[in-house]
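Colleague: Before we discuss this chain, I would like each label set against its cut-off. Could you show me the model and take my questions in turn?

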Amino acid sequence: SLDLCIYDPVELFVADAFSPNGDGVNDFLFVRGNGLVELDFLVYNRWGQKVFESHDVNLGWDGTFKGMMLNSEVFVYYVYAVTRQGVEIEAKGDVSLVR
């Protein structure tokens, strides 16, 4: 007999730009991926100050820091995630906040 294990391909997606202007389109920056059971999502400004942190795939960044709207700028994100199958994913990149 043959045991067959089929895993969903692991894909992680973070947009490279978002526009938190309240129009209902790209107002939040989310980490998207299939089967994520653990998540650390961190966003830093160009000076290395952490402006956002989430451990919930349903909690995205709205472009604010300490209740204040941030200006258009490029930020750096870091993601550490674990899938249902125990696959660890690390990713980092840039995202443009567009006002």
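Colleague: What share of the contacts in the chain with a separation of 6 or more comes from residues 24 or more positions apart?

Modeller: Such residues account for 52% of those contacts, where contact means heavy atoms within 4.5 Å. Please keep in mind that this is a predicted model, in which local features need pLDDT of at least 70 and side-chain atom pairs count only at pLDDT 80 or more, while totals for chains, interfaces and linings use all residues. Residues are numbered from 1 along each chain as its sequence is written, and side-chain values use heavy atoms, with hydrogens and water left out.

Colleague: How many helices and strands make up the secondary structure of the chain?

Modeller: The chain has zero helices and nine strands, with helices (H or I, at least four residues) and strands (E, at least two) taken as DSSP runs and numbered from the N terminus.

Colleague: What makes S8 largely enclosed by the rest of the structure?

Modeller: Strand S8, residues 73-83, has eight of its 11 residues buried, so the strand is largely enclosed by the rest of the structure. Buried means under 20% relative accessible area, exposed means over 50%, and partly exposed lies in between, with a 1.4 Å probe and protein chains only. Over the chain of 99 residues, 34% count as buried.

Colleague: How do you know which strands S8 pairs with, and in what sense?

Modeller: Two strands pair if DSSP finds at least two bridges between them. S8 and strand S4 (residues 36-44) have eight bridges in the antiparallel sense, and S8 and strand S9 (residues 88-97) have 10, also antiparallel, so both pairs meet the criterion of at least two bridges. Asp40 stands opposite Tyr80 in S8, and Val76 has Asp94 in S9 as its bridge partner. Between S8 and S9 the hairpin has four residues, and Gly86 takes a positive phi near 90° there.

Colleague: Why are S2 and S5 called edge strands?

Modeller: The open sheet of five strands has the order S2-S9-S8-S4-S5, with mixed pairing. Strand S2 (17-18) and strand S5 (50-54) are its edge strands, each pairing on one side only. For S5 the partner is S4, joined to it by four bridges in an antiparallel run, with Tyr44 opposite Lys50 in S5.

Colleague: Which residues touch the most other members of the largest nonpolar core?

Modeller: A nonpolar core is a set of buried Ala, Val, Leu, Ile, Met, Phe, Trp, Tyr and Cys residues joined through side-chain atoms within 4.5 Å. Among the 20 residues of the largest one, those touching the most other members are Phe41, Val43, Trp61, Phe75 and Val79. The elements giving two or more residues to this core are S4, S5, S8 and S9. Leaving aside residues up to four places away in sequence, Phe41 touches several residues, including Leu29, Phe52 and Tyr77.

Colleague: Why is the pair of Phe28 and Phe30 called tilted?

Modeller: Rings of Phe, Tyr and Trp (its six-membered ring) pair if their centres lie within 6.5 Å; planes under 30 degrees apart count as stacked, over 60 as edge-to-face and the rest as tilted. Phe28 and Phe30 are 6.1 Å apart, centre to centre, with 40° between the planes, so the label tilted follows from the definition. Phe28 counts as partly exposed at 43% relative accessibility, and Phe30 is likewise partly exposed, at 23%.
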